[in-house]
Amino acid sequence: MIIGLTGGIATGKSTVSDYLQNKYAIPVIDADILAREAVKVYSPIYKRIVKRYGSEILLADVSINRARLGEIIFNDESEKLWLEGQIHPYVRQEMEREVRESQAPIMVLSIPLLFEAKMTDLVEQIWVVYADFETQVARLQRRNGLSKESAIARITSQMPLREKLKRADVVIDNSGDIKDLYQIIDQEILTRT
């Protein structure tokens, strides 16, 4: 069984995938990690990004300044689409390879942009991690050091969470505390395995 784990920004997808990996030894392939690999220094995608945005997109160690790149793409839909067009094919290819090579009976593909990147065909079940809007904003502000306005802009730049919920096989409500979250996950694992 291949579970596609998704949700909105700052809903707790990493907390869910970490718990599944640590408690149940379920392998997790994380699209965010693959996306970081895609832009590693001097990779073909890295070179295209630097060519497009110039050296002001780089940190002192010549790696890409993800915060600066985020500012560009969260404020310009065409730039966001261009960047996704560079990264998503690499992520898909690597996920397909890892699934092919795995012998695990259950796997999790953690893909924040599961619907947007049109990767639902890679999974058999879709789990959406949910948190109410106020919780999302507060978590994102705390995690990324953003103003409330910037946090809201990042959240609203994504597919609305209610749209993802409509397409979910399983909804993991992470609006409460960590203990509640773990109980919800445990129940889903017991039900589905």
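The model is predicted, so local features need pLDDT of at least 70 and side-chain atom pairs count only at pLDDT 80 or more, while totals for chains, interfaces and linings use all residues. Residues are numbered from 1 along each chain as its sequence is written, and side-chain values use heavy atoms, with hydrogens and water left out.

Select residues 133–144, helix α6, where a helix is a DSSP run of H or I with at least four residues, numbered from the N terminus. Its 12 residues should span 16 Å at 1.5 Å a residue, and because its end C-alpha atoms are 16 Å apart, the model agrees; the expected span is 1.5 Å times one less than the number of residues.

Next, colour T135, Q136, V137, R139 and L140, the buried residues of α6, buried meaning under 20% relative accessible area with a 1.4 Å probe, protein chains only. Their cover includes α7 (148–156) and α8 (161–166).

Now show the second largest pocket, whose space is about 180 Å³; a pocket is an open set of points on a 1 Å grid over the protein atoms alone, where a 1.4 Å probe fits, with protein on both sides within 12 Å along at least five of seven lines, and lining residues have an atom within 4 Å of a point. Among its lining residues are F133, Q136, I155 and L161.

Finally, turn to the largest pocket, with about 1,100 Å³ of space, and select D32, R36, R66, F74 and P112, the closest to its centre of the 37 lining residues.

Technical notes: Helices (H or I, at least four residues) and strands (E, at least two) are DSSP runs, numbered from the N terminus. Buried means under 20% relative accessible area, exposed over 50%, partly exposed in between (1.4 Å probe, protein chains only). Contact means heavy atoms within 4.5 Å. Grid points are joined across faces, edges and corners, and a volume is the space filled by probe spheres set on the points.
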